[in-house]
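Reader: I'm new to looking at protein models. Could you show me how to read how helices sit together?

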Amino acid sequence: MPLGAHLPTSKGFEFALRRAQTLGCDCLQIFSKSPRQWDAAPLDAAKAENFRAAWNTSKFAPLVVHDSFLINLAAPDDAMRERSTRAMTDEIERAETLGGDFLVTHCGAHLQKDCVAEGVEAGLLRLAASLRECLNATPDARVRIALENTAAQGTCLGGPFEHLARVLHELNDVSERLCVCLDTCHAFAAGHDIATQDGLENTLQNFDAAIGLDRLALIHLNDSKGALGGHLDRHQHIGQGQIGADAMRRILTHPRLKHLPFILETPDVETMIEANLQTVRELQIEGQPTKKRVKPGRKAAAVQP
Ligand SMILES: [Zn+2]
Ligand SMILES: [Zn+2]
């Protein structure tokens, strides 16, 4: 399986790639611009070209781009939805320019606290309609949009797998342009008990029944600070959270998952990502006792440049 991390690009896209190479990764996730700003300068064509050239010689795959946190494609307010649709179209174009394989996007929030059932249904239809507009505006883009499951916090859509299935169903005629990213922290926080062996099997069966495991393109591997079903979107170091090391090993080595790209979005990326990647590599070796894992806290001080 390709293993990688979400790395910052404050020093440039090529710097992030070089760092991923130093870390021994096989794939990479980045933002193509600040995730907390609506607007950004267009990508510099020469820099993008240089990055693509460096990427192609690196043999890394896949390149994953994550969209902005501000985008809400399910917003009930027309102006907000239009702004989000424009921003998402720009995200697709930027990801395409960088040579991205996947653009991960959250499902948005329906924002109708008083009538949740209606809010969910209408929100999912708005999300599907917004995505269709974005896809229609970028007919030649080859980057695939990966809908990410959420912790179902507040009125956020995408906690139950049926939400993702509904959107994919609405866009069935353009299914080759859409896939799913499963975030383990979000799944656990939304109430999918992936921490136990039976729970993982049930979760994957539910995913397969609702969406189809063939639509699952990548995993965001994060432990969870919050409890099962707590709806808290707080990532934790691998093996140090409520999901735990044994469950992480089962996820990493599961026959239905182990071929997929695994991307870490664990906390304190500057100081802790190397230790977290090391923990994953050790957990991948089936049957290795949990106590032999490298504790991120101990390793961190010595490893960062
Ligand atoms: Zn995300
Ligand atoms: Zn994620």
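Reader: At what angle do helix H5 and helix H7 pack?

Author: Keep in mind that this is a predicted model. Helix H5 (residues 161–170) and helix H7 (residues 197–210) pack at an angle of about 20°, and their axes are 9 Å apart. Angles under 35 degrees count as roughly parallel, so H5 and H7 are roughly parallel to each other.

Reader: Is the crossing of H5 and H7 left-handed or right-handed?

Author: H5 and H7 make a right-handed crossing. On the H5 side, the contact is made by Phe-161, Glu-162 and Ala-165, and on the H7 side by Asn-206, Phe-207 and Ala-210. Sort the residues in this contact by class and you get 4 nonpolar, 1 polar and 1 charged.

Reader: What about a helix on its own? How many residues does H9 have, and how far does H9 reach?

Author: H9 (residues 269–284) has 16 residues, and from its first C-alpha to its last it reaches 21 Å. That's close to the 22 Å expected at 1.5 Å a residue.

Reader: And which residues of H9 are buried?

Author: Here's the list: Met-272, Ile-273, Glu-274, Ala-275, Asn-276, Leu-277, Thr-279, Val-280 and Leu-283.

Reader: Why does Glu-49 count as partly exposed?

Author: Count neighbours. Glu-49, which lies in helix H2 (residues 45–58), counts as partly exposed because it has 14 C-beta neighbours inside 10 Å. A residue needs 20 or more to be buried, and 12 or fewer to be exposed.

Reader: How far apart are Glu-49 and Arg-144?

Author: In sequence, Glu-49 and Arg-144 are 95 residues apart; in space they are 20 Å apart, C-alpha to C-alpha.

How values were computed
Residues are numbered from 1 along each chain as its sequence is written. Chains are lettered from A and ligands numbered from 1 in the order in which they are written. This is a predicted model: local features need pLDDT of at least 70, side-chain atom pairs count only at pLDDT 80 or more; totals for chains, interfaces and linings use all residues. Helices (H or I, at least four residues) and strands (E, at least two) are DSSP runs, numbered from the N terminus. The expected span of a helix is 1.5 Å times one less than its number of residues. Axes are lines fitted to C-alpha atoms, for helices over the stretch in contact, and angles run from 0 to 180 degrees between N-to-C directions. Angles under 35 degrees count as roughly parallel, over 145 as roughly antiparallel, 65 to 115 as roughly perpendicular and the rest as oblique. A crossing is left-handed if the near helix is turned anticlockwise from the far one by less than a right angle, and right-handed if clockwise. Two residues are in contact if their C-beta atoms, placed from the backbone, lie within 7 Å. Ala, Val, Leu, Ile, Met, Phe, Trp, Tyr, Cys and Pro count as nonpolar, Asp, Glu, Lys and Arg as charged, and the others, Gly among them, as polar.
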